[in-house]
Amino acid sequence: MNTKKSKLLIIAMLYSIITLYILLSYNIVFAKEAVATFVTYTGQLSPAQLAVYDQIYAHANAYDDSMFTLEQHLTEDDFDLTINYFFYENPELYWLDTSYKYALNASNVVVKLQLNYLISPDDIKSCDALFESKLNAIIAQAAALDTTIEQERFIHDYICSNTSYDENAPMNQSAFSALTSPTTVCAGYARAFQIACNRLSIPCYYVTGTSKGINHAWNIVNIDGKYYNVDITWDDVISESQNKPAYDYFNKSDAEFALDHTRSSHSMFLPTCD
């Protein structure tokens, strides 16, 4: 092989190596960015907290109302985080009350838990049929629309059109109240929106904090790769006062929400909405 061909071969090999390195670098950066934008409440928990989280889930699905011993003993702060994150991520467990009892040992560590339920075991089957029927009707209509934002807007409008705010609404902390009855509160609005969006593969978070000086719940939703704040409660209140659909709190940035919304410490790690 002559010198000229050798030089060309070396240059070609170097070019291939450099190109491969650049492509791999892009893939690595992309992977890191993808991981960084995908967060969950459970992802913030320690192994001990996750063990308790899974235990709560099992007992809730078994409709166990006994005082059971935790597999891992947690400080009150760690337990508070665990059970709140459990409620935030499981809106489908509409029959579970967000109130509960727990027991401490002599070291003030949480060792036992008792869950409370909103529906009797005898009524679960009929309530579940009603809940799924209402939810599936919304999903079927939304799924027929062409774009993700149209689907999201349909869910928003449906809940606003069929629900009113009432602090005395029964089961008002659950998605059940917003989907099967005419009244609910912010938690019901947010959980109903969350479960409907998630069923349509639209990533949606339940967010807690304060708004206009009171404890409040709303949502963060991912539409076409971007995160937005959505507060159906306030949109519904405004729409009813104006007698027309309102979108004052629909798909807004953190800067816009900061005027009257503040996230709680539990929800501070959720994605930013630019």
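This is a predicted model: local features need pLDDT of at least 70, side-chain atom pairs count only at pLDDT 80 or more; totals for chains, interfaces and linings use all residues.
**Stop 1: the ring cluster.** Select Tyr-53, Tyr-57, Phe-79, Phe-86, Phe-87, Tyr-100 and Tyr-102, and show their side chains. Ring pairs join these residues into a cluster. By the pairing rule, the count comes to 23 aromatic pairs. Now zoom in on Phe-86 and Phe-87. Their ring centres are 5.8 Å apart and their planes meet at 65°; over 60 counts as edge-to-face, so that is what this pair is. Are Phe-86 and Phe-87 buried or exposed? Both are buried.

**Stop 2: a stacked pair.** Next, select Phe-131 and Phe-176. Here the planes are at 15° and the centres 6.2 Å apart, so the pair is stacked. Colour the helices too: Phe-131 belongs to helix α4 (residues 124-143) and Phe-176 to helix α6 (residues 175-180). Phe-131 has 0% relative accessibility, so it counts as buried. Phe-176 has a relative accessible area of 9%, and because buried means under 20%, Phe-176 is buried as well.

**Stop 3: two crossing helices.** Show helix α7 (residues 186-199) together with helix α8 (residues 232-242). Their axes are 8 Å apart, and the helices pack at an angle of about 115°. The two are therefore roughly perpendicular to each other. Which residues of α7 meet α8? Pick out Cys-186, Tyr-189 and Phe-193 in α7; across from them in α8 are Ile-232, Thr-233 and Asp-236.

**Stop 4: charges over rings.** Stay around here and select Arg-191 and Tyr-206. Arg-191 lies over the face of the Tyr-206 ring, 4.3 Å from the ring centre. Then try Lys-212 with Trp-234: Lys-212 lies over the face of Trp-234, at 4.2 Å from the ring centre.

**Last stop: the whole chain.** Zoom out and switch to a cartoon view. You can look for nine helices and 10 strands. The chain has 274 residues, and 42% of them count as buried. As for contacts with a separation of 6 or more, 57% are between residues 24 or more positions apart.

Definitions and conventions: Residues are numbered from 1 along each chain as its sequence is written. Side-chain values use heavy atoms; hydrogens and water are left out. Axes are lines fitted to C-alpha atoms, for helices over the stretch in contact, and angles run from 0 to 180 degrees between N-to-C directions. Helices (H or I, at least four residues) and strands (E, at least two) are DSSP runs, numbered from the N terminus. Angles under 35 degrees count as roughly parallel, over 145 as roughly antiparallel, 65 to 115 as roughly perpendicular and the rest as oblique. Contact means heavy atoms within 4.5 Å. Rings of Phe, Tyr and Trp (its six-membered ring) pair if their centres lie within 6.5 Å; planes under 30 degrees apart count as stacked, over 60 as edge-to-face and the rest as tilted. Buried means under 20% relative accessible area, exposed over 50%, partly exposed in between (1.4 Å probe, protein chains only). A charge sits over a ring if NZ of Lys or CZ of Arg is within 6 Å of the ring centre and within 35 degrees of the ring normal.
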